Amino acid sequence: MSVRIGELLVKEKRITPDQLQQALKEQKGSGAKLGYHIVKMGFVKDEELTALLSRQYGVPSINLSLFEIDSSVIKLIPADTARKYQILPLSRSGATLTIAMTDPTNVFAMDDIKFMTGYNVEPVVASEIGVMEALEKYYHGSQKAATRADATAIATIPSALEMASRGLEELQATLGDAGEVEVLEELQEISAEGLARQGEEAPVVRLVNVVLMSAIQKGASDIHIEPYEKELRVRYRVDGILYNIMSPPMRYRDAISSRLKIMAKLDIAEKRLPQDGRIKIRFNENGEAKEIDFRVSVLPTLFGEKIVMRLLDKDKLMLDMTRLGFEAESLAKFETAILRPWGMVLVTGPTGSGKTNTLYSSIAKLNTPETNIMTAEDPVEFNLAGINQVQVRENIGLNFAAALRSFLRQDPNIILVGEIRDFETAEIAVKAALTGHLVLSTLHTNDAPSTVNRLMNMGIEPFLVASSVHLVCAQRLVRRICTNCKQPSPHPAAALVQAGYTAEDATTVQPMKGRGCDSCNRTGYKGRVGLYEVMEVSEDLRELILVGASGLELRRKAIDEGMITLRGSGLRKVQDGVTTVEEVVRETVK
């Protein structure tokens with residue numbers, strides 16, 4: 001932005017090239033914006049600079065000294081954010097928030113304000129001196145305090161959009177050591193040809209580093225980079241919900257794609273077929289080296305390649321089963337089943353419901369020196385010490401069935417199969433469970449009882465299912481209420497009854513919700529917790545399976561025997577103030 005202002009003023013013959021060089025030299029020593037120094041050195045008047053920007057970008061200008069701002073509007077944007085972006089909220093009308101900016105082209109700042117406040121953002125341009133004086137006036141902080149805050153932020157890696165807002169030329173300096181993302185050689189080999197391509201241009205490398213680092217900072221589980229006809233969109237999935245984060249210039253579309261493909265060791269020339277890869281990076285966090293994996297999926301779409309990256313942070317892998325969200329009685333049943341010497345335990349649910357975490361927690365509990373644990377996964381998400389993990393590779397014939405056959409010749413005690421997808425895999429897994437091995441695996445079904453019917457639909461005989469399956473656990477993830485801003489949320493008794501509470505419970509339950517605070521990005525939620533439906537296959541259920549009972553009949557019998565349904569698990573967590581009624585209703589059915 002600074003160079004553009006200078007070039008614009010030279011082009012308009014407001015300053016000479018020599019004056020521009022003097023101002024740039026002055027700016028380099030101070031760190032302030034170029035426009036500030038041009039005005040300070042008396043080359044142009046502040047009002048002239050503001051008017052020029054207003055005409056150039058087609059944005060109205062404003063003199064902040066003549067404008068009185070309501071305190072309720074000021075509170076919409078925190079002081080540190082306002083200082084970082086050099087912006088000031090002016091007025092709110094319906095769903096639109098008008099903000100004064102020194103840089104009206106800073107779409108990253110506007111995206112962040114929109115994400116933070118939930119309002120559409122309309123910019124007007126104001127002078128830098130006017131904004132600085134207004135910030136001091138309305139946020140009661142001296143410029144020195146703001147400068148100290150800037151220094152602290154730079155030292156501790158700023159938030160995603162605070163970094164993005166400064167423009168690509170300033171990002172590297174802002175990120176400091178954290179911006180220097182080192183791609184580990186173990187999964188990264190950059191060819192000479194790749195280095196010559198546009199994906200290795202410095203601004204693109206810095207932009208990709210910002211996207212990766214900011215996702216880590218915001219606690220995202222996935223990054224989506226999506227090309228459309230006239231827009232390139234970056235979204236993060238935080239606590240299961242997708243949020244728009246930024247819209248990089250369209251000219252960077254192919255360069256970003258090439259850079260990520262190089263990092264993930266994919267074919268950058270192949271743009272017609274989907275590709276999957278992995279990026280392993282090392283960066284500094286609070287002075288300590290930390291490693292994180294990104295699972296990369298590239299998919300050709302109408303307007304370019306969509307890239308989705310799943311963040312795999314081993315430090316956030318929760319292997320303590322008591323903290324996953326199991327009810328006490330459900331956890332007791334689950335632990336009893338996985339401690340048996342043989343049989344099958346199945347975990348079901350949609351993609352992203354936490355099945356992998358539950359399975360990893362299970363084998364972590366079973367991982368002892370006297371136990372041989374073997375896993376076949378697609379892909380291997382986390383490396384676990386003491387466990388033999390095999391990466392399935394369909395393209396060379398190493399599928400789940402082939403891996404399972406080999407496992408049975410490796411003297412295993414416990415076998416984990418990433419997913420039962422077909423009859424062949426199901427058949428071998430069932431036979432392994434019946435011949436003295438504990439088999440853990442996943443299926444994609446809506447609830448626990450329907451898993452039995454799914455196996456039979458694959459072609460497994462009812463008597464084999466009844467004999468091998470000891471327990472089925474269905475699960476979902478719901479957002480936790482932010483503990484910093486939790487408050488009571490009265491609901492009509494009729495609504496609670498509709499959700500699944502008894503008429504008696506509906507009068508005593510006190511649902512909670514998050515008011516929204518800085519800690520949870522004004523969402524009212526922070527983190528997630530599991531809902532679990534654990535069906536233990538009892539003798540009565542085995543008899544029903546043998547006679548080919550429907551999923552509905554199995555469900556009724558399991559509930560009679562004490563099974564807590566997904567909805568029931570959710571309602572208990574609402575009662576305990578862990579999540580909201582809305583989250584439970586969104587993820588489960590009665």
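Author: A salt bridge here is a side-chain nitrogen of Lys or Arg within 4 Å of a carboxyl oxygen of Asp or Glu. By that rule the count comes to 30 salt bridges. Mind that this is a predicted model, where local features need pLDDT of at least 70, side-chain atom pairs count only at pLDDT 80 or more, and totals for chains, interfaces and linings use all residues. Residues are numbered from 1 along each chain as its sequence is written, and side-chain values use heavy atoms, leaving out hydrogens and water.

Reader: What makes arginine 278 and aspartate 293 a salt bridge?

Author: Their N to O distance is 3.2 Å, and the rule asks for within 4 Å, so the pair qualifies. Arginine 278 sits in strand E8 (residues 275-285) and aspartate 293 in strand E9 (residues 288-301), so the contact ties together parts 15 residues apart in sequence. Strands are DSSP runs (E, at least two residues), and helices are too (H or I, at least four), numbered from the N terminus.

Reader: Why is arginine 572 called partly exposed?

Author: Buried means under 20% relative accessible area, exposed over 50%, and partly exposed in between (1.4 Å probe, protein chains only). Arginine 572 has 34%, so it's partly exposed. Its salt-bridge partner is glutamate 329, with the closest N and O atoms 3.0 Å apart.
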